[in-house]
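Hello,

Here is the structure I promised to pass on to you. Have a look at it first, and then read my notes below.

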Amino acid sequence: MNKRKKYYIIILTLVTAMSIKSCKTIDKSLTLDIPKVELEILQQIPANQKGREKSALYLPPRRISENEFNTPVLDELIDSMYDMMVKKSGVGIAANQIGKRLQLFIIEAKSDNPRYKILGPVQKQLFINPIITKTSSTRKNFWHGCLSADGEKRGNVATYEWIEYQCQNEKGNIITGRLEGFAAVIFQHEFRHLMNGTYLDVAKHFLSKTELDLEIETKKTPFFETASDTLPLLINDYTIGETLEKYHSKKQQ
């Protein structure tokens, strides 16, 4: 083998090795690609428990970039998330609940939803790269459950009575709006996911669904009423108007 051919083989081997290594280091949770296996809802992991630091539920999500809008792969991701939400009878779902560290969530409460029909319908809405721009001074009391807290007790936390927001739609257009009532609650619940964590990381008072239903029926426990200042706020460490990138940057300092 001549020297020139030998050098060529060495270089080719190095390039191949580097390519393989590069492929192995791609974090698929940061891509739009949907896995071929059936999607699953990630479940919460208590603080200080092994595995939490590697779960997409507790890692910063990235923005959807401009070149990703209005693409088939983004549309497929949105459709897959929505299908999962409907399948699980949920009223909202965030991308990191299916293992995707992306700033994206959907809300919708149908009038026949068995879990929340008492609160009335909420139209289907998509929020990409969301920011909360303004909030009410008053807060509402609500008992939260979650698709990522299967089997866990409901937790009592406060959310703003109304919020104003800015986000983008699937085409990349800037959208602004205002949500009140149950829609505002769902938005803040899903926004909490993008901040990382669930209501279980914030609430101090918990009841099983059976206990909660009984206490609401007998009016021993307030439900969707004005919250006291002592009730933990679900998005308590978020500064109104900041991007999620800035929020997570502060958390990491």
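An open sheet is formed by 5 strands in the order 1-2-3-6-7, with antiparallel pairing. Two strands count as paired if DSSP finds at least two bridges between them, and helices (H or I, at least four residues) and strands (E, at least two) are DSSP runs, numbered from the N terminus. Strand 1 (92–94) and strand 7 (174–180) are at the edges with a single partner strand each, so one side of each has no neighbour in the sheet. From one strand to the next, the twist averages 40°.

Please keep in mind that this is a predicted model: local features need pLDDT of at least 70, side-chain atom pairs count only at pLDDT 80 or more, and totals for chains, interfaces and linings use all residues. Residues are numbered from 1 along each chain as its sequence is written, and side-chain values use heavy atoms, leaving out hydrogens and water.

Strand 6 (residues 162–168) is joined to strand 7 by 7 bridges, and the two run antiparallel. In this pair, Cys167 stands opposite Ile175 in strand 7.

Two helices go with the sheet. Helix 2 (residues 72–87) packs on it, touching strand 1, strand 2 (104–109) and strand 3 (122–135); contact means heavy atoms within 4.5 Å. The direction of helix 2 makes about 40° with that of strand 2. Axes here are lines fitted to C-alpha atoms, for helices over the stretch in contact, and angles run from 0 to 180 degrees between N-to-C directions. Helix 3 (residues 181–195) lies across strands 1, 2, 3, 6 and 7, at about 150° to strand 2.

How enclosed is helix 3 by the rest of the structure? Largely, because 14 of its 15 residues are buried (under 20% relative accessible area; exposed is over 50%, partly exposed in between, with a 1.4 Å probe and protein chains only). Just after helix 3, Asn196 takes a positive phi of about 90°.

Thr198 lies in the loop between helix 3 and strand 8 (206–207). Thr198 is buried, at 2% relative accessible area, and touches Gln44, Arg192 and His193, leaving aside residues up to four places away in sequence.

Thr133, in strand 3, is partly exposed at 39%. Beyond four places in sequence, Thr133 touches Glu164, Tyr165, Gln166 and Ile240. Thr133 and Glu242 are 109 residues apart in sequence, and 7.9 Å apart in space from C-alpha to C-alpha.

Best wishes
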